[in-house]
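My notes follow, in the order I made them.

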Amino acid sequence: MNKIIKKDQLAAVLDSIAAKYQLIAPVQDESTVLFKPGVAGKDVVLDAVNSTVSPKGAFFPQWETMYIYNTAEADFAIKYPEEGPDRVLFGIRPCDMMALLHIDPVFIGSKFGDYYYETKRNKTTIIGVSCAKVAHTCFCSTFGGSPTGNKGADIMFYDLGDKYAVEVITDKGKAVADLFSKFLVDDTGAPAEVEAKAKELASLLKPVDVTGVKEIMDGAFENPYWKELSRKCLNCGVCTFICPTCHCFDVVDEAYMCDGQRVRCWDTCMAKDFNLAAGGHNTRPTKLEKVRNRFMHKLKYHLDRYNLAGCVGCGRCSQKCPVNLDITQVISDVKAVK
Amino acid sequence: MSNQDIYVPQPATLLKKQPMTEYETFYEFKLDSGCELGHGPGQFLEISVPGIGEAPISISSSPTQAGIFQMVVRRVGNVTTALSKLGPGDKVGVRGPFGTKFPVDEVMKGKDILLVCGGIGLVPVRSAINYILDNRRDYGRLTILYGVKTPADRLFAEELAQWKATPEVTVLETVDRGDEAWDGHVGVITTLLPLVQINPAQTIAVICGPPVMYRFVLKELAKMAMEDESIFVSLERRMKCGVGKCGHCQMNDLYVCQKGPVFKYSEIKEVMEAI
C-alpha cells in the first residue's frame with residue numbers, strides 16, 4: 001500500500017491496461033454513470049459516489065445470448081457465443097465487490113454451475129476503487145462493508161484526494177499491476193492516510209443496525225406491517241434492476257425465420273406475472289406479497305439459503321425509488337413490529 | 001463447456017400425439033441421441049419449441065417404459081400452443097430431467113399407496129402409478145382417487161379402466177359437475193376420502209392437483225390420522241431455468257425446481273407461500 005499513482009496519471013494507467021485487456025469501467029451516459037466495456041482511460045468517470053446501475057452486469061448482463069440455433073436443422077445447429085476476451089473491471093466500489101461475493105454461490109459451485117457467469121468471473125481481474133465520499137443513503141457498514149473495503153478485489157485503489165494508494169492483492173492482480181508498474185511512485189505515508197480516510201468515511205455512514213432483524217422476520221411473515229408498507233409501491237421494479245445482488249432472470253427465445261437465439265435477461269419479482277403458473281395460480285399476486293418477498297429475500301431468505309446477506313447497503317434502491325420505499329427504514333420498522 | 005449444458009436442450013422427436021380433452025394433448029417423444037431420459041416419477045423437463053420458447057412440463061410416463069417418454073400438456077401459453085401445432089416427426093428441445101421424485105424407490109416401498117389427484121395432477125402421478133404396477137410386488141395396496149371438473153375433463157380414461165380392473169388396486173373417481181351420461185360419484189375430491197379405508201401407519205399419500213385442492217385434502221388426511229411425514233405433495237411453479245437460479249419458483253429459501261416439485265409435506269408445512 002506504500003505505492004501510489006498520481007490522479008493525473010490515471011488515464012495513462014488505464015490505457016496501459018486497455019492495451020492488453022478489455023477495460024470495463026464507469027463512464028457518463030447522459031444523466032447516468034454506467035459500467036461499459038471497451039472504454040478509453042480518459043472517459044472513465046469516478047466522481048460519482050457510485051454508478052447508477054450496479055456493475056453486476058459485467059458478469060450477469062442485462063441481456064445475454066446463451067446460444068444461437070437454426071430451427072431448420074435436425075439438431076438445431078446450436079452455437080455458443082464466443083467466450084470473450086480477458087477483462088479488467090476497474091472502478092467498482094467496495095459494496096459492489098461484496099455484492100459479487102454474495103451472489104457468487106447462486107451461480108458458482110452448486111450442482112448446476114452457471115457457465116456464463118463463471119466464465120466471465122474467471123476471465124475478469126477486479127480493480128476496486130475506494131469511495132471518495134459517501135451518500136446519505138450509504139450504509140455498507142451494516143453488512144460488514146466499508147467505503148475502503150478491499151474484499152473481492154484483485155487490486156485496490158484507495159482514493160486519497162490527488163492520488164491513489166495501490167494495493168496488489170492477488171496473483172491475478174499482480175499480472176495486471178505489472179502493466180502499469182512504471183506509474184507507481186513510493187509513498188511511505190500512504191498507509192496512514194488510507195487509515196485516516198477510512199475512519200473519516202466510516203463516521204459519515206448512516207448508522208443502521210440489522211442485528212436481530214432476520215430473527216424477527218422469521219416470525220413476521222403475516223404481520224400487518226407488510227400490507228401498510230406495500231401500499232405505496234408502484235411495482236416499477238427499479239429497485240431490482242439497479243440492485244447489485246438481485247439475480248433473477250427470464251429465459252426467452254427470439255427468432256426470425258429459421259434463425260433463433262435463446263436469451264436471458266434480468267427479470268423482476270415486481271412484475272405481475274413473475275410467479276404466475278400455467279394453471280392461473282399466482283403465489284404472489286399483489287403488491288403485499290411482492291414487496292414483502294423483496295425485503296424478506298434481502299434480509300432473510302438469502303441468509304437462510306447462503307448464509308450471506310442479500311443486501312450490501314449500497315443505497316441505490318432507497319435513492320431511486322419513486323415513492324421513497326427505503327430499506328433502512330424497513331430495517332428499523334421491522335425491529336419495532338410486534 | 002460442461003456447465004453450458006444445463007441451459008442447452010437436446011433434440012427429441014415427437015412420435016405420437018393424441019388430443020385428450022378440449023385443452024389437453026398427449027405427446028410421446030424419443031430422444032434423438034437414443035439414450036433413455038433417465039427420469040424418476042414426479043420429475044419434470046424444460047421443453048423447448050425452437051423459435052418460440054421453453055416451458056416446464058412434468059413427465060407422465062414411467063421410467064419402466066423404455067425408449068420413449070410421454071407428456072400431457074394443457075394448451076395455455078405461447079410454448080404449449082406452439083407444441084400443440086407440431087406433428088409426428090417434428091423436433092423439440094429437452095432439458096432435464098429436473099427436480100425431486102415421488103419416493104417410489106424409498107419410503108413408498110412396502111407401503112400401501114394413496115394417490116389423490118385433481119385434474120391434470122394425474123399426469124405426473126401416472127408415472128408413479130405405472131412404475132408401481134410394473135414393480136407390483138414392492139408395494140402394498142394401491143388406491144387412486146381422481147377428481148375432475150366434468151366427465152369431459154377425464155384424462156387417461158382407458159388406463160383408468162385398466163387400473164380399475166387390476167387386483168389390489170382401487171380407483172375412485174369423482175366429478176364436480178356430472179352430465180347425463182355420468183353415473184359415478186359427484187362432488188369435490190375430498191368427498192372420496194371417507195370412502196377409502198387406510199391404515200395410516202402403513203400408508204404413503206401423494207397429492208397432486210390444482211393449488212386450491214391441497215389445503216382441503218391435507219385437512220381430511222389429518223382427520224384420517226395420516227402423519228405429515230407420510231404425505232408427499234407436488235407443487236406447480238413457473239420454473240424458468242430448472243436449476244435453482246432464475247428465482248421464479250423461489251418460496252422462502254427453497255427453490256421448487258431443485259428441492260421440489262415433490263416435497264414431503266412436513267418439510268414445507270411451515271413454509272409460507274408453499275400451500
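These entries go from the whole chains to a few single residues.

**Entry 1: the model itself**
I note at the start that this is a predicted model.

**Entry 2: chain A as a whole**
I looked up the secondary structure of chain A and found eleven helices and eleven strands. Its radius of gyration is 21 Å, close to the 20 Å that the globule rule gives for 338 residues, so chain A is as compact as a globular protein of that length. Along the principal axes, I read a C-alpha trace of about 65 × 60 × 40 Å. Of the 338 residues, 55% count as buried. I then turned to contacts between residues at least 6 apart in sequence: 73% of them join residues at least 24 apart. The accessible surface comes to about 14,500 Å², with 53% belonging to carbon and sulfur atoms. I also checked the charges, and the mean positions of the 42 positive and 42 negative ones are 5 Å apart.

**Entry 3: chain B as a whole**
For chain B I listed six helices and 15 strands. A compact globule of 275 residues would have a radius of gyration near 19 Å, and the 18 Å of chain B agrees with that. Its C-alpha atoms fill a box of roughly 50 × 45 × 35 Å along the principal axes. Buried residues make up 56% of the 275. Of the contacts with a separation of 6 or more, 68% are between residues 24 or more positions apart. I put the accessible surface at about 11,100 Å², 49% of it from carbon and sulfur atoms. There are 29 positive and 32 negative side chains, and the centres of the two sets lie 3 Å apart.

**Entry 4: helix H3 of chain A**
How many of the eight residues of H3(A) are buried? I found six, in a helix that runs over residues 115–122 and is mostly covered. They are Tyr115(A), Tyr116(A), Tyr117(A), Thr119(A), Lys120(A) and Arg121(A). The cover includes strands E4, E5, E6 and E11 and helices H2 and H4 of chain A. I also looked at the start of the helix, where a side-chain oxygen of Asp114(A) reaches to within 3.2 Å of the backbone nitrogen of Tyr116(A).

**Entry 5: Asn275 of chain A**
I went to the loop between E11 and H9 of chain A, where Asn275(A) lies. Is Asn275(A) buried or exposed? Its relative accessible area is 2%, so Asn275(A) is buried, the cut-off being under 20%. Which residues does Asn275(A) touch, leaving out those up to four places away in sequence? I wrote down His281(A), Asn282(A), Thr283(A) and Arg284(A), together with Arg238(B) and His248(B) from chain B. A polar side-chain atom of Asn275(A) lies 3.1 Å from the backbone oxygen of His248(B).

**Entry 6: backbone details**
I came across a cis peptide bond between Gly96(B) and Pro97(B), with omega about 5 degrees; Pro97(B) is in strand E6 of chain B. A cis peptide bond also joins Gly260(B) and Pro261(B), again with omega about 5 degrees, and Pro261(B) is in the loop between H5 and E15.

Next I looked at positive phi values. Ala77(A), not a glycine, has a phi of about 45 degrees. Ala77(A) sits in the loop between E4 and E5 of chain A and is partly exposed at 26% relative accessibility. Glu273(B) has a positive phi near 70 degrees. I found Glu273(B) in the segment after helix H6 of chain B, buried with a relative accessible area of 15%.

Definitions and conventions:
Residues numbered from 1 in each chain as written. Chains lettered and ligands numbered in written order. Predicted model: local features only at pLDDT ≥ 70, side-chain atom pairs only at ≥ 80, totals over all residues. Heavy atoms only, no water. Buried < 20%, exposed > 50% of the residue type's maximum accessible area, 1.4 Å probe, protein only. Helix = DSSP H or I, 4+ residues; strand = E, 2+ residues; numbered from the N terminus. Contact = heavy atoms within 4.5 Å. Polar contact = N/O pair within 3.5 Å; in protein donor to acceptor, adjacent residues only side chain to side chain. Rg over C-alpha atoms; globule rule 2.2 N^0.38 Å. Areas by Shrake-Rupley, 256 points an atom, 1.4 Å probe, with all protein chains shown as cover. Lys, Arg positive; Asp, Glu negative; His and termini not counted. Charge placed at Lys NZ, Arg CZ, Asp CG, Glu CD.
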